[in-house]
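This report goes through a structure from its overall fold to a helix pair and a pocket. The sequence and model are shown first.

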Amino acid sequence: MAELHPIRVTVNGATHQCSVSPRTHLVDFLREDLALKGSHLGCEHGVCGACTVELNGHIVRGCLTLAVQADGGQVQTIEGLSRSGTIADLQKAFVQHNALQCGFCTSGMLMAAKELVEQKPDASRAEVRDWISGNYCRCTGYQAIVDAICSVLKQRKEATA
């Protein structure tokens with residue numbers, strides 16, 4: 001049995017002190033130890049984006065990031081962002097544009113979209129498509145997702161004008 005390592009991590013504003021196996025992935029820690037089921041396990045190779053969470057202000061693949069790497073860090077999950085209202089406009093736009101169907105990829109898409117609208121508020125449609133290209137969706141064909149994100153970019157731009 002692997003030796004457990006103590007970690008202290010703040011998740012969605014709450015600090016947790018736990019002991020984890022050094023091989024435990026961040027998404028498994030969030031789902032199994034903290035019962036935060038919003039981030040999903042898809043490919044488990046960092047390709048699909050379903051496990052995307054925010055670590056210290058940047059999105060990461062939860063299936064490629066070890067829980068011990070988050071020690072001392074700040075993690076935001078879809079649950080925390082939803083509760084805080086930070087992504088309410090994105091969530092509303094996803095619904096309005098039918099940018100979600102089965103919902104499996106939605107949390108990862110929203111995490112990527114949040115980072116995009118914050119870091120590239122003047123992103124073009126092509127830049128939006130490129131930004132979310134690391135997140136797979138088998139249901140929507142991406143058009144509606146791009147439409148939703150572009151509508152939020154436009155709304156936020158108009159609100160600051």
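## Overall fold

The protein chain of this predicted model has six helices and five strands (DSSP runs numbered from the N terminus, H or I of at least four residues for helices, E of at least two for strands). Along the sequence the pattern is β-β-α-β-β-β-α-α-α-α-α. The radius of gyration, taken over C-alpha atoms, is 16 Å, close to the 15 Å that the globule rule (2.2 Å times the number of residues to the power 0.38) gives for 161 residues, so the protein chain is as compact as a globular protein of that length. Its C-alpha trace spans about 55 × 30 × 20 Å along the principal axes.

Residues are numbered from 1 along each chain as its sequence is written, and side-chain values use heavy atoms, without hydrogens and water. Local features need pLDDT of at least 70 and side-chain atom pairs pLDDT 80 or more, while totals for chains, interfaces and linings use all residues.

## Helix 4 and helix 6

Helix 4 (residues 106-119) packs against helix 6 (residues 143-160) at an angle of about 35°, the axes being 11 Å apart (lines fitted to C-alpha atoms over the stretch in contact; angles run from 0 to 180 degrees between N-to-C directions). Met109, Ala113, Leu116 and Val117 of helix 4 meet Ile145, Ile149, Val152, Leu153 and Arg156 of helix 6, with contact meaning heavy atoms within 4.5 Å. Eight of these residues are nonpolar, none polar and one charged (Ala, Val, Leu, Ile, Met, Phe, Trp, Tyr, Cys and Pro are nonpolar; Asp, Glu, Lys and Arg charged; the others, Gly among them, polar).

## Largest pocket

The lining of the largest pocket consists of Gly42, Cys48, Ala50, Cys102, Phe104, Cys105, Tyr136, Cys137, Arg138 and Cys139. A pocket is an open set of points on a 1 Å grid where a 1.4 Å probe fits, with protein on both sides within 12 Å along at least five of seven lines, and lining residues have an atom within 4 Å of a point. By class, the lining has eight nonpolar, one polar and one charged residues.
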